Protein chains: 2
Amino acid sequence: MSVATVSRALNGSASVTAQTRRRIAGVAARLRYVPHGAARSLVTRRTQTVGALLPDLFGEFFSELIRGIDLAARARGLQLLVSSSHGDAAEAATALRAMQGRVDGLLIMSPHVDAPFLREHLSAALPAVLMNTSVGDKRYATLNIDNYGGAQAMTRHLLDCGYRDIAFITGPVDNFDAAERLKGFRDAAKPARARLLRGDFSEESGYRAGREIAAMRQRPQAIFAANDMMAIGCLFALTESGLRIPKDIALAGFDDIPIARYVNPPLTTVRVRIADLGQGSLEQLVAQMETPDAPSSGRTLACEIVPRASTGQPSISRKHERPKSRKHRSSGEMP
Amino acid sequence: MSVATVSRALNGSASVTAQTRRRIAGVAARLRYVPHGAARSLVTRRTQTVGALLPDLFGEFFSELIRGIDLAARARGLQLLVSSSHGDAAEAATALRAMQGRVDGLLIMSPHVDAPFLREHLSAALPAVLMNTSVGDKRYATLNIDNYGGAQAMTRHLLDCGYRDIAFITGPVDNFDAAERLKGFRDAAKPARARLLRGDFSEESGYRAGREIAAMRQRPQAIFAANDMMAIGCLFALTESGLRIPKDIALAGFDDIPIARYVNPPLTTVRVRIADLGQGSLEQLVAQMETPDAPSSGRTLACEIVPRASTGQPSISRKHERPKSRKHRSSGEMP
DNA sequence: TATTCTTATGAAAACGTTTACATTCGGGCA
DNA sequence: TGCCCGAATGTAAACGTTTTCATAAGAATA
């Protein structure tokens, strides 16, 4: 048998006898033969791998995101190369370089990335999708969360509940998501008194804001934190100060991270289908890989309000919300 | 300039003039040249990539695990290829195959993997480290959590608190971690009355166990759940039944997932340094990659008791535990 | 039986690097 | 001036696949 025949047999080419195919398959199995990926990639110009460039891997958010990406990648037989923890633009550039030439497409989420950066460090030939980005360049495909709409909806929800004095805890100043959420709050809060407190998405900053609010002579009726972690930090500060939620003050967050359901009282929040974000971005990437000339699309992912007890609606029971069951729940088998 | 000189210049070989090196670097930058990874791998027989084969990516546990792996990999300039969501042995085999020939080493965590499986599907030439596994084969390097010791310590802790009637909620029957934890409990619970309830590591199963306990005529004084998610489900069931924790009944878990701190009351648990598990396993893998002939080591990672309010010690304040600060906290910049 | 057509297999080029070995070039030494 | 030596660069083989093209062997047709 020549290498050519073996290659054809193993790749399921039509023009090879069933008999030889069987013979080759048998020998391959006996020899535990595995094709050399690099050699294959070299000639086919495909790696069957996509890269995900993320700012970090810590926390619920990225866990869900990667899960969504992995799910979609696996469905298409693609391998997933992850890279993270780049704290500044230089590290992001290094990571980007290292991925180039090893992947067929790239998923990018990074606060350090903008259009000039991409033109500088990203080959135009490599399909890429940008997530949660302020990059508006039509050249790049993007997938964003509807931060603006979600924040607007939550603000309206608070207004509907009758709160007329609302404090907003902001995210980091240079963060795109944070800016959009703030804008949404501002635009919808018109009828009410609106105050702003500075935060940076960390639980710690939410805690500080909570203490500040508890110490106010005239406290707001409701607090809307730009993400759940801050809301939770705030919740603990308020509780420690003896305030009851939602009786004394209402509280809402953004993201619907799993913890939100478990705190006391359960936290009203804006649900972002994070796994869908990952899945959707990978699908967009695959589409781009298959038809490189198609115009790059800019999609936005809708959010949804999840009312729980922390905003004190009478219709919402304080009973424990049961976890959703999941497909593929092999995690039930791991601690 | 010949390709050889370019190669040498770019790889920092000694025998190339500073002048030509600069010239080549300049041209490379202008042309946005990125070396073709596959071609390089083909000749060097190195991919600079390690693979992680996991049963799933959902939840705190894997999030932390991957973070630890990534941290260590990045420190060594290695890329990380992840593969997950294989629900059965066949899928695990496929995933294993797909990784082979694309990575320099493999990190494996899977309930479906045993020694015969590995001999069948894993090339002996490929360095690998098994995590949380019952595989005792000396041929393979392993890294386990000290499930037995941790469960023993927690049981003793409950005894020290004066509880003499303790219920244990078990994990899945075929799970290695679960079995070890049960064994630890059994061996340490001798002086007390010990009862067992069946669980499967899911929050749902913990909830069921909690209802069952609440309905008992003679309730145990303390409950020890084999993982935190079950403890939390149990907590909600007990609370719904009007029982106060720890006054009416004490509760403890295992893992110290982030949520454990946030529930009410905060959950006493066994801390497993999950990120360390990932980091340690990668370091073991690297060691094996560098000296393939060294005898494969079997390491065990210690656990530590984290006493919180749910086991009602007088010395433990119910004040909110502040989150640990982290290096590399760029996550503060993402929701 | 001779010719053509089809089908299965083989031979060899190509992919983009690295690296062992060959070559060139200039300078120091005799 | 001639020789040798070392440093810098060039040449070419090798890595393990896929794929194009050629070839061989039958089968169908005349």
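Two strands count as paired if DSSP finds at least two bridges between them. Helices (H or I, at least four residues) and strands (E, at least two) are DSSP runs, numbered from the N terminus.

Follow the chain from β3(A) to β4(A): the path goes through helix α6 (residues 115-121) of chain A, and this β-α-β crossover is right-handed. The term means that, with the strands pointing away from the viewer, the path from the first strand over the helix to the second runs clockwise.

This is a predicted model, in which local features need pLDDT of at least 70 and side-chain atom pairs count only at pLDDT 80 or more, while totals for chains, interfaces and linings use all residues. Residues are numbered from 1 along each chain as its sequence is written, and chains are lettered from A and ligands numbered from 1 in the order in which they are written.

**The other neighbour of β3(A)**

Next select strand β1 (residues 49-53) of chain A, which pairs with β3(A) in the parallel sense over 4 bridges. A:A52 has A:L107 as its bridge partner in β3(A).

A residue is buried if 20 or more other C-beta atoms lie within 10 Å of its own, exposed if 12 or fewer, and partly exposed in between, with C-beta atoms placed from the backbone.

**The nonpolar core**

Which residues have the most contacts inside the largest nonpolar core? Select A:L107, A:C234, B:L107 and B:C234; the core has 182 residues. Such a core is a set of buried Ala, Val, Leu, Ile, Met, Phe, Trp, Tyr and Cys residues joined through C-beta atoms within 7 Å.

Center on B:C234. Leaving aside neighbours within four places in sequence, its contacts include B:I169, B:Y207, B:A209 and B:L251. Two residues are in contact if their C-beta atoms, placed from the backbone, lie within 7 Å.

**Chain A as a whole**

Zoom out to chain A, which has 11 helices and 12 strands. Its C-alpha trace spans about 85 × 45 × 30 Å along the principal axes. Of its 335 residues, 52% count as buried. Among contacts in chain A between residues at least 6 apart in sequence, 71% join residues at least 24 apart.

**Where the two chains meet**

Show both chains: 68 residues of chain B are in contact with 67 residues of chain A. On the chain B side, α4(B) gives the most, with 8 residues. The residues of that side divide into 29 nonpolar, 23 polar and 16 charged. Here Ala, Val, Leu, Ile, Met, Phe, Trp, Tyr, Cys and Pro count as nonpolar, Asp, Glu, Lys and Arg as charged, and the others, Gly among them, as polar.

Select strand β2 (residues 79-83) of chain A and β2(B): they run antiparallel and are joined by 3 bridges. A:V82 stands opposite B:L80.

**The DNA strands**

Select DNA strand C, which 23 residues surround; the closest are A:A4, B:A4, B:S7, B:H36 and B:A39. A residue is near a strand if its C-beta atom, placed from the backbone, lies within 6 Å of it. The elements that give two or more residues to this surface are α1 (3-10) and α3 (37-44) of chain A together with α1 (3-10) and α3 (37-44) of chain B. The largest share, 5 residues, comes from α3(B).

Switch to DNA strand D. Of the 23 residues around it, A:A4, A:S7, A:H36, A:A39 and B:A4 come nearest. For DNA strand D the largest share of the surface, 5 residues, comes from α3(A).

**Backbone details to finish**

Select B:I245 and B:P246, joined by a cis peptide bond with omega about 5°; B:P246 is in the loop between α10 and β9 (250-252) of chain B. Another cis peptide bond joins B:N264 and B:P265, with omega about -5°.

Last, A:D255 has a positive phi of about 130° although it is not a glycine. A:D255 counts as buried because it has 30 C-beta neighbours inside 10 Å.
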